[in-house]
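Please keep the sequence and the structure in view while reading.

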Amino acid sequence: MHAFDFLVLAPGVSYSDPLLKSGGLPGSGSSTLEARRRQVAEAARLLERARSVVVVGGGPVGVELAAELADDRSPGSGAREITLVTSAGRLLHPKPAWVGAPAEAWLKSKGVRVVKGQRVEEKAAEAEGGGDGKSGGRKKKKGAGATTTATATATTLTTSPAGETLEADVVYW
């Protein structure tokens with residue numbers, strides 16, 4: 001047993017999305033500033049062209065991301081369909097319902113479709129200019145905490161248990 005007055009447990013965080021990876025940040029030794037600029041520019045280009053975006057996760061990050069996308073007034077952003085999917089029965093779970101209800105009302109007022117009580121599975125991806133639409137012939141389930149930005153693909157997602165099909169140009173996990 002150890003005696004201490006204060007304990008700081010800082011296990012860190014890991015992201016699979018190249019825009020969020022700590023290893024991809026300038027000064028980290030694994031990426032140059034110019035490479036980082038290209039990553040951000042490519043992500044912005046894909047999002048600008050996207051007509052449908054799916055955000056998976058109704059926690060603080062997913063809700064904030066969906067809100068930013070819905071409130072985007074940048075030139076060229078155009079109209080885009082935004083869907084927020086959460087496995088919980090309400091947004092911002094496990095916070096009290098009174099926390100998530102206004103966030104959901106605001107998102108819906110901005111045209112965001114909110115799907116609750118559903119999990120998402122990536123069914124297929126088709127590369128721009130062709131592809132077999134099979135995503136390598138395998139289905140991939142994304143677990144909690146996984147963060148992936150779909151790039152240069154049209155992605156088909158299936159919700160469970162409802163079995164609804166969602167098409168997205170860009171997916172944020």
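In this predicted model, Val63, Ala66 and Ala67 of helix 2 meet Ala103, Trp106 and Leu107 of helix 3. The residues of this contact comprise 6 nonpolar, no polar and no charged. The points below describe the geometry of the helix pair and then the nonpolar cores.

**Geometry of the helix pair**

- Two packed helices are described by the angle between their axes and the distance between the axes.
- The axes of helix 2 (residues 60-70) and helix 3 (residues 97-109) come within 10 Å and cross at roughly 25 degrees.
- Angles under 35 degrees count as roughly parallel, and helix 2 and helix 3 are therefore roughly parallel to each other.
- The crossing of helix 2 and helix 3 is left-handed.

**The largest nonpolar core**

- In soluble globular proteins, nonpolar side chains tend to be buried together.
- The largest nonpolar core holds 19 residues, of which Val53, Leu84 and Leu107 touch the most other members.
- At least two residues of this core come from each of strand 1 (52-56), helix 2, strand 2 (81-86), helix 3 and strand 8 (170-172).
- Helix 2 gives the most to this core, namely 5 residues.

**Leu107 and its contacts**

- When residues up to four places away in sequence are not counted, Leu107 touches Val63, Ala66, Ala67, Leu84, Leu91, Val112 and Val114.

**Another core**

Terms used: Residues are numbered from 1 along each chain as its sequence is written. This is a predicted model: local features need pLDDT of at least 70, side-chain atom pairs count only at pLDDT 80 or more; totals for chains, interfaces and linings use all residues. Side-chain values use heavy atoms; hydrogens and water are left out. Axes are lines fitted to C-alpha atoms, for helices over the stretch in contact, and angles run from 0 to 180 degrees between N-to-C directions. Helices (H or I, at least four residues) and strands (E, at least two) are DSSP runs, numbered from the N terminus. Angles under 35 degrees count as roughly parallel, over 145 as roughly antiparallel, 65 to 115 as roughly perpendicular and the rest as oblique. A crossing is left-handed if the near helix is turned anticlockwise from the far one by less than a right angle, and right-handed if clockwise. Contact means heavy atoms within 4.5 Å. Ala, Val, Leu, Ile, Met, Phe, Trp, Tyr, Cys and Pro count as nonpolar, Asp, Glu, Lys and Arg as charged, and the others, Gly among them, as polar. A nonpolar core is a set of buried Ala, Val, Leu, Ile, Met, Phe, Trp, Tyr and Cys residues joined through side-chain atoms within 4.5 Å. Buried means under 20% relative accessible area, exposed over 50%, partly exposed in between (1.4 Å probe, protein chains only).
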